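Welcome! Have a look at the model below, and then we can walk through some of its aromatic rings together.

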Amino acid sequence: MSNATIIFLLTLCIMILICIIVYQQFVFHNGTKAKIHEISSKLKELLDTDSDEKVTVFTDNKALIELATQINRMLEDRQKVKVEYRRAEMASKKMLSNISHDIKTPMTVILGYLEIMRLNGTQSNEMLQKVESTAQRVMGLITQFFTLAKLEAGDTDMPLERLNVNEACRENILDFYELLSQKNFEVEINIPDHVLYANANKDALQRIMFNLISNAIRYGGDGKYLGMFLRADQAHIYIDIVDRGRGIEKEFADSVFDRLFMMEDSRNSAMQGNGLGLTIAKNLALQLGGDITLESHPHQKTVFTITLKKWPIKT
């Protein structure tokens, strides 16, 4: 075979290879373009219809697979935001409905007493006391509502300081001493001798404990027991508020800190609450960099645990 023939054949092979490469590039480019168009169309459809579907692409192209994966992550995040928004919207509607009910009822009582006094032309001290008591309940509810609104808006000045938690616990349990004695409660307190200092705010912690102890007396009163236990580890301080009342069933455990969540009998005259106390306590704890958790075994032990950060120890 002559040199010219060999050169010709080699040139022909090179030309064929070049054509194959160009063709493959053309096919790949058009295929990729078609897949991208397919992904784009599907994404537009999902956004226009507000669908919860995902983008699916059948290809061996790793870059397109990664693109579809990231798009689906964004769609999942969008779905979570939608769910949270709907949940918040429902909670707000329920909150406004309950607040309307809670304010309307005592205001009706106030107006009723005032009407009786007007018709009788007398000013009964007993009736005036009832009007004043009911009005104070309304003001208390309104105050708590606005307190919660300010907390959730981050519009509350809460400077942190070195706080003696032992002293705060003793002060709070003493505030309830007379009431607990009147109700014949067994009170168990365990506060260590060595002082535990938290990085917290005194007013906020006082309010948290007041709400939790009030809650234990109101809803756990049938157990006739109240416990307060102070403990710590290397980084945190824990305050356990314990009662042995009817407790909270597991299906409600995740809801007790929701705004205006109340058990079925909480509107009963002997258990008047407005469903804001635990929510406020939880928000305050979170703003202190801590938390409140719940563990409940009905009629055995219900424990609300306040977690606080320890005051930094300088070495």
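Phenylalanine 210 is partly exposed, with a relative accessible area of 46%, whereas phenylalanine 176 counts as buried because its relative accessibility is 6%. Here buried means under 20% relative accessible area, exposed means over 50%, and partly exposed lies in between (1.4 Å probe, protein chains only).

## About the model

This is a predicted model, where local features need pLDDT of at least 70, side-chain atom pairs count only at pLDDT 80 or more, and totals for chains, interfaces and linings use all residues. Residues are numbered from 1 along each chain as its sequence is written, and side-chain values use heavy atoms, leaving out hydrogens and water.

## A second aromatic pair

Phenylalanine 257 and phenylalanine 304 form an edge-to-face pair, 6.1 Å centre to centre with 90° between the planes. Rings of Phe, Tyr and Trp (its six-membered ring) pair if their centres lie within 6.5 Å; planes under 30 degrees apart count as stacked, over 60 as edge-to-face and the rest as tilted. Both phenylalanine 257 and phenylalanine 304 are buried.

## Charges over rings

Elsewhere, arginine 162 lies over the face of tyrosine 197, 3.6 Å from the ring centre. For a charge to sit over a ring, NZ of Lys or CZ of Arg must be within 6 Å of the ring centre and within 35 degrees of the ring normal.

## The whole chain

Of the 315 residues in the chain, 36% count as buried.
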